[in-house]
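Here's a quick walk through one model, going from strand pairing to the core and then the pocket. Have the sequence and coordinates open while you read.

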Amino acid sequence: MRVVLDTNVIVSGLNFPGNERLLLDLALRGRIELYLSPFILDEVFGVLARKFGWADDDVQQALRRLRQAATVIHPPRFTDVIEGDHADNRVLECAVAVSADYLVTGDRRHLLPIGEHRGVRILRSPQFISALGDG
């Protein structure tokens, strides 16, 4: 099962217990095929450093673990699906480029309302965990 985790899911999983941490653990243990892009990793770096005040060494260690657990791809750019929201389009491009089964996000404003795009189901963490149990 191919999965892309949005930046907000990764950051939540690294900082708080809950569904997002469970998803990260599944990815780190190789239970799901995680795909990320340099854009997503750069966003994770920025949010952890700026918003959460992580030390540079701690951020680098987290990014190393993510890179080891994921396949990092350089997706091609395509027409913006979400007008004026560069970041969400870049995340969606990653999911489409790898023909992901799921894009897991907490973005209720832009990504979740799409529901599905080019065969990629867009779900919140609890929905994804339920889908795992059903599969």
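Strand E2, residues 33-36, pairs with E3 in the parallel sense, and three bridges hold that pairing. One spot to look at is Leu 36, whose bridge partner in E3 is Val 72. Keep in mind that you're looking at a predicted model.

E2 also has a partner in strand E1 (residues 2-5): the two run parallel and are joined by three bridges. Here Arg 2 has Glu 33 in E2 as its bridge partner.

Zooming out, these strands belong to an open sheet of six, in the order E3-E2-E1-E4-E6-E5, with mixed pairing. The edges are E3 (70-72) and E5 (116-117), each of which pairs on one side only.

Further along that order, strand E4 (residues 102-104) runs parallel to strand E6 (residues 120-123), again with three bridges. E5 and E6, on the other hand, pair in the antiparallel sense over two bridges. They make a hairpin with two residues between them, and Arg 118 in that turn has a positive phi of about 50°.

Here are the pairings side by side, with a bridge pair for each:

| Strands | Sense | Bridges | Residue pair |
|---|---|---|---|
| E2 and E3 | parallel | three | Leu 36 and Val 72 |
| E1 and E2 | parallel | three | Arg 2 and Glu 33 |
| E4 and E6 | parallel | three | Leu 103 and Ile 122 |
| E5 and E6 | antiparallel | two | His 117 and Val 120 |

Nonpolar side chains in soluble globular proteins tend to be buried together. In this model the largest nonpolar core has 42 residues, and Val 4, Leu 5 and Leu 103 have the most contacts inside it. Which helix gives the most to this core? That's helix H5 (residues 86-97), with five residues.

Leaving out residues up to four places away in sequence, Leu 103 touches Val 4, Asp 6, Val 91, Leu 92, Ala 95, Leu 111, Val 120, Arg 121, Ile 122 and Leu 123.

Is Asn 89 buried or exposed? Its relative accessibility is 0%, so Asn 89 counts as buried, the cut-off being under 20%. Again leaving out residues up to four places away in sequence, Asn 89 touches Asp 80, Val 81 and Ile 82.

H1 has the largest share, with four residues. By type, the lining splits into six nonpolar, three polar and four charged residues.

Conventions: Residues are numbered from 1 along each chain as its sequence is written. This is a predicted model: local features need pLDDT of at least 70, side-chain atom pairs count only at pLDDT 80 or more; totals for chains, interfaces and linings use all residues. Side-chain values use heavy atoms; hydrogens and water are left out. Two strands pair if DSSP finds at least two bridges between them. A nonpolar core is a set of buried Ala, Val, Leu, Ile, Met, Phe, Trp, Tyr and Cys residues joined through side-chain atoms within 4.5 Å. Buried means under 20% relative accessible area, exposed over 50%, partly exposed in between (1.4 Å probe, protein chains only). Contact means heavy atoms within 4.5 Å. Ala, Val, Leu, Ile, Met, Phe, Trp, Tyr, Cys and Pro count as nonpolar, Asp, Glu, Lys and Arg as charged, and the others, Gly among them, as polar.
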